[in-house]
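Please look over the chain below and its model. The report then takes up confidence, packing and selected contacts.

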Amino acid sequence: MAEPPLFVGLVAHPVRWQLLGLLARSDRRVDEMVAATGHPQPLVSYHLGRLRAGGVVTSRRSAKDHRASYYHLDLDRCGGCLTDAAASLHPGLGLVAPTLPPEPLGRRRPKVRVLFVCTGNSARSQIAEALMREIGDTSFDVASGGSDPKPIHALAVKALARQGIDISTWRSKPLTAFTGQRFEFVVTLCDKVREVCPQFTGGERIHWSVEDPTSAARVDLARFQRLTDDLATRIRWLTWRIRTDQTTGDRHHAH
């Protein structure tokens with residue numbers, strides 16, 4: 001009898017599945033996953049190591065505290081592995097790559113407000129705002145801000161221009177400009193700003209530990225393009241989750 005795909009065995013363990021569920025919503029440190037699951041740190045670290053070895057989880061050192069690392073789930077890779085696993089059981093079970101679900105029909109709903117935050121609002125959060133405006137639709141109200149605003153980096157403008165997105169007239173904004181406003185999702189893109197980002201009414205906090213493209217000794221367009229690709233993938237999955245939650249909520253409401 002054929003052996004099950006390695007991915008099935010990798011994610012079937014209850015602890016690893018629990019960790020994947022946490023990482024599917026936000027990048028997290030080990031101590032946060034220990035607190036969320038109640039499992040001891042050595043056990044969590046062991047299973048994270050297995051997930052890293054399996055290629056579905058990556059890690060990077062925190063820019064705030066170099067003794068800590070943030071873990072990130074590669075949802076694209078998970079989707080591909082699930083497709084392969086299903087097809088190995090029966091070719092008709094291969095999953096179709098997800099596309100954004102249509103906006104739920106029915107009652108008129110307020111826009112989902114999303115705020116992207118980094119330190120300077122000069123690159124990461126500006127790129128994220130622009131991409132979500134492009135990937136999402138008019139049902140989203142997207143903004144970005146910084147704890148210490150700086151002018152938008154010219155290479156951020158250029159990287160987005162290559163995607164057909166023009167932010168040449170945009171300006172950076174301080175977080176104080178959004179004081180008292182409500183956001184359904186607040187996404188921090190900088191390990192440092194995560195510690196100082198104020199609370200916003202009603203917002204789910206998400207953290208994406210992404211590298212500052214301006215922090216390297218050599219700053220070039222390739223770094224901004226890699227950042228843009230990374231953020232586009234993360235935003236596609238976030239937008240998918242928000243829209244699916246809306247649709248599911250409507251269905252539950254109907255029953």
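What follows covers confidence, a helix pair, the sheet, an aromatic pair and one arginine.

**Confidence.** This is a predicted model. The chain has a mean pLDDT of 88. Of its residues, 89% reach 70 or more. Residues 250–255 fall below 50 in pLDDT. Beyond near neighbours in sequence, that stretch makes 5 contacts in the model.

**Helix pair.** H2 (residues 14–23) packs with H4 (residues 41–53). The angle is about 80°, and the axes lie 10 Å apart. H2 is therefore roughly perpendicular to H4, since angles from 65 to 115 degrees fall in that class. On the H2 side, the residues are Val15, Arg16, Leu19, Leu20 and Leu23. H4 brings Leu43, Val44, His47, Leu48, Arg50 and Leu51. By class, the contact of H2 with H4 has 8 nonpolar, 1 polar and 2 charged residues.

**Sheet.** An open sheet is built from 4 strands, ordered E4-E3-E5-E6. The pairing is parallel. E4 (140–146) and E6 (204–207) are the edge strands. Each has a single partner strand, so one side of each lacks a neighbour in the sheet. From one strand to the next, the twist averages 20°. Strand E5 (residues 185–188) pairs with E6 in the parallel sense over 4 bridges. Valine 187 has isoleucine 206 in E6 as its bridge partner. Helix H6 (residues 124–135) lies across E3 (112–118) and E4. H6 runs at about 175° to E4.

**Aromatic pair.** The structure holds 3 aromatic pairs. One joins phenylalanine 116 to tryptophan 208. Their centres are 6.1 Å apart, with 45° between the planes, and the pair is tilted. The pair links distant parts of the chain, 92 residues apart. Phenylalanine 116 sits in strand E3. Tryptophan 208 sits in the loop between E6 and helix H9 (221–254).

**Arginine 194.** This residue belongs to helix H8 (residues 191–194).

Methods
Residues are numbered from 1 along each chain as its sequence is written. This is a predicted model: local features need pLDDT of at least 70, side-chain atom pairs count only at pLDDT 80 or more; totals for chains, interfaces and linings use all residues. Side-chain values use heavy atoms; hydrogens and water are left out. pLDDT is the predictor's confidence in each residue, from 0 to 100. Contact means heavy atoms within 4.5 Å. Axes are lines fitted to C-alpha atoms, for helices over the stretch in contact, and angles run from 0 to 180 degrees between N-to-C directions. Helices (H or I, at least four residues) and strands (E, at least two) are DSSP runs, numbered from the N terminus. Angles under 35 degrees count as roughly parallel, over 145 as roughly antiparallel, 65 to 115 as roughly perpendicular and the rest as oblique. Ala, Val, Leu, Ile, Met, Phe, Trp, Tyr, Cys and Pro count as nonpolar, Asp, Glu, Lys and Arg as charged, and the others, Gly among them, as polar. Two strands pair if DSSP finds at least two bridges between them. Rings of Phe, Tyr and Trp (its six-membered ring) pair if their centres lie within 6.5 Å; planes under 30 degrees apart count as stacked, over 60 as edge-to-face and the rest as tilted.
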